[in-house]
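Below are my notes on this entry, as numbered points. Please read them beside the sequence and the coordinates.

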Amino acid sequence: MSRWSNSEPLRSSMSVYGPVVKIHPVVLASIGDSYERRNEGASRVIGTLLGTIDKHSVEVTNCFSVPHNESEDEVAVDMEFAKNMYELHKRVSPSEVIVGWYATGFEITEHSVLIHEYYSREATNPIHLTMDTALQSGKMNIRAYLSAQMGVLGKTVGVMFTPLSVKYKYYDTERIGIDLLERTRDAPNTTNGLTSDLCQVGGAAGRVQDMLATVLTYIEDVLSGKQTADNSVGRYLMDLVNKVPKITAEDFETMLNSNINDLLMVTYLSNLTQAQIALNEKIVVL
Amino acid sequence: MATRKETPSTPTAPMASTSPGATLDSPVKQIQIEGLVVLKMIKHYQEEGQGSEVVQGVLLGLVVEDRLEITNCFPFPQHTEDDADFDEVQYQMEMMRSLRHVNIDHLHVGWYQSTYYGSFVSRALLDSQFSYQHAIEESVVLIYDPIKTARGSLSLKAYRLTPKLMEICKEKDFSAEGLKKALIGFEHMFEEVPIVIKNSHLINVLMWELEEKCTVADKHELLNLSSSNHLEKSLQLLMDRVDDMSQDIVKYNTYSRNLSKQQQQKHQYIQRRQQENAQRQTRGETPLPEEDVSKMFKPPQPPPRMDTLLIAGQINNYCQNVKEFTSQNLGKLFMAEALQGHNS
């Protein structure tokens with residue numbers, strides 16, 4: 001653990017319009033989890049953010065928490081630990097670099113300034129991310145900041161944290177994972193099992209049905225005059241209805257039948273194969 | 001540390017397919033995974049495992065009554081260096097030590113692996129899982145199928161080795177007699193443990209916020225009608241395996257044919273010997289010494305049956321996947337028909 005004072009030189013920042021910060025949901029889940037596991041007496045947790053830097057954006061893909069001690073007038077962060085963890089993470093994904101750090105809590109304190117200086121040494125223009133896990137304002141308030149110098153050079157200088165725009169980026173598979181997790185929160189006792197194949201199709205169809213019901217109520221409202229018609233929505237509706245492909249009945253029949261035949265044939269073959277290997281086994285054991 | 005003492009209630013959605021109501025004779029009857037673990041696994045494959053490479057990692061958690069709770073995980077680096085083994089152990093130790101500092105459960109409870117179209121039944125997996133289960137009784141292997149997940153729904157399965165298979169692996173007796181004794185079929189190699197996903201309340205709040213903020217519409221990959229690509233690849237893999245299987249069977253057939261031929265030769269030899277001896281006796285000469293028949297006709301080596309078992313298990317897995325896939329697609333096709341019917 002180490003301590004440092006305020007006399008370190010401050011780094012210069014990028015332009016006023018800072019980079020866009022794209023966060024993956026795994027990072028936020030990690031932060032929430034490490035907040036839940038914090039030591040007794042600690043009011044917030046901090047950690048390092050890893051990711052990739054682009055020309056105009058910073059993509060945050062991973063993070064790990066760093067133990068630290070905070071009291072009224074001093075802050076101690078385990079730098080060795082942070083370095084070690086970064087090395088370990090680098091072995092798995094060598095393309096990730098330190099892009100900044102995070103802290104839970106609502107405000108940026110003076111200690112944050114010190115910690116930010118430390119991270120400025122590790123990465124150029126580190127991003128500071130805050131997440132209000134104590135839900136002080138009823139929301140989680142995920143915000144990102146960049147530090148900027150301010151004040152009169154030579155005399156009193158200070159640090160200002162300028163906010164950046166935060167976007168959420170998902171991989172396709174992450175999107176699907178998040179959908180499943182979202183379904184968890186509706187279940188009592190917050191548990192959910194993984195559904196089997198046809199149930200999933202049924203579930204998806206149900207969701208489409210719900211969406212169609214919403215659209216239908218909107219249309220009926222417009223028709224009965226309860227809501228004013230919106231042209232852009234009307235155009236979307238027309239697109240929607242035209243999306244169902246207009247195929248002649250016979251063509252569709254043939255397409256449908258050939259597809260169904262393929263699938264049935266494959267099912268039959270796989271059943272046959274399974275029966276074969278079962279037989280083979282019984283014969284060998286005889 | 002947040003306590004998780006809620007008793008497991010019946011989840012609202014039907015469970016993953018296992019034999020219904022079967023009491024697994026294992027110490028682990030259910031697996032409870034945190035959302036964080038799922039997200040980490042997805043990310044790991046997405047970033048580091050393109051193509052047909054597998055990515056692996058370690059699962060951390062704890063055992064509560066008959067539930068195995070998985071609370072965190074960390075990925076393993078790929079095997080690129082020569083001294084991979086030493087690096088692995090050290091990496092693992094360092095990681096666990098560091099995680100202990102931040103109060104993350106540091107107990108090893110299993111490992112995860114990604115799979116390509118469901119092809120994971122291999123010797124390597126068997127060995128790894130055996131060493132894990134031998135050391136830690138409740139460990140499981142989580143198989144994450146990214147391609148199936150990309151088609152619309154998370155595909156995550158947890159497997160353990162059955163006690164019978166554990167016995168056999170312990171004794172390293174992979175011959176036909178050993179397997180016959182244990183009455184192991186390819187269906188009894190792995191047992192699947194049902195999975196339940198659980199999120200703490202804070203994470204649930206996060207989910208609500210994300211849904212609010214995120215304007216990316218649902219992609220509805222699940223209702224995609226195209227099937228030929230996926231089907232072709234799965235069938236290709238299935239055919240390769242069936243070829244392997246048939247080669248194996250040919251080997252076994254030649255072995256049994258050789259064995260029976262040898263038996264015949266033995267009989268003939270013994271008979272000839274006896275005849276000669278009888279002749280010699282009539283002529284009054286000393287009978288020829290009884291030679292050790294077994295040394296002369298060395299029995300052929302029986303082919304190991306373990307590979308056959310693995311291949312059979314793999315074929316079974318492929319067939320199951322194909323059947324699930326086709327049933328889903330049939331449902332979708334019928335829905336499309338209904339939609340067209342309405343339209344015309």
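1. Strand β4 (residues 108-114) of chain B pairs with β5(B) in the parallel sense, over 5 bridges; pairing requires that DSSP finds at least two bridges between the strands. Opposite I143(B) in β5(B) stands Q113(B). Strands are DSSP runs of E with at least two residues, helices runs of H or I with at least four, numbered from the N terminus.

2. This is a predicted model, in which local features need pLDDT of at least 70, side-chain atom pairs count only at pLDDT 80 or more, and totals for chains, interfaces and linings use all residues. Residues are numbered from 1 along each chain as its sequence is written, chains are lettered from A and ligands numbered from 1 in the order written, and side-chain values use heavy atoms, without hydrogens and water.

3. In β5(B) (residues 140-144), 5 of 5 residues are buried, that is, under 20% relative accessible area with a 1.4 Å probe, protein chains only. V140(B), L142(B) and Y144(B) lie on one side, V141(B) and I143(B) on the other. In a regular strand the side chains alternate between the two faces of the sheet.

4. Helices α3 (residues 123-135) and α5 (residues 163-171) of chain B pack at about 100°, axes 11 Å apart; the axes are lines fitted to C-alpha atoms over the stretch in contact, and angles run from 0 to 180 degrees between N-to-C directions. α3(B) is therefore roughly perpendicular to α5(B), the class for 65 to 115 degrees. Contacts (heavy atoms within 4.5 Å) involve residues including F130(B) of α3(B) and M166(B) of α5(B).

5. Chain B has 10 helices and 8 strands. Of its 344 residues, 49% are buried.

Notes
Angles under 35 degrees count as roughly parallel, over 145 as roughly antiparallel, 65 to 115 as roughly perpendicular and the rest as oblique. Buried means under 20% relative accessible area, exposed over 50%, partly exposed in between (1.4 Å probe, protein chains only).
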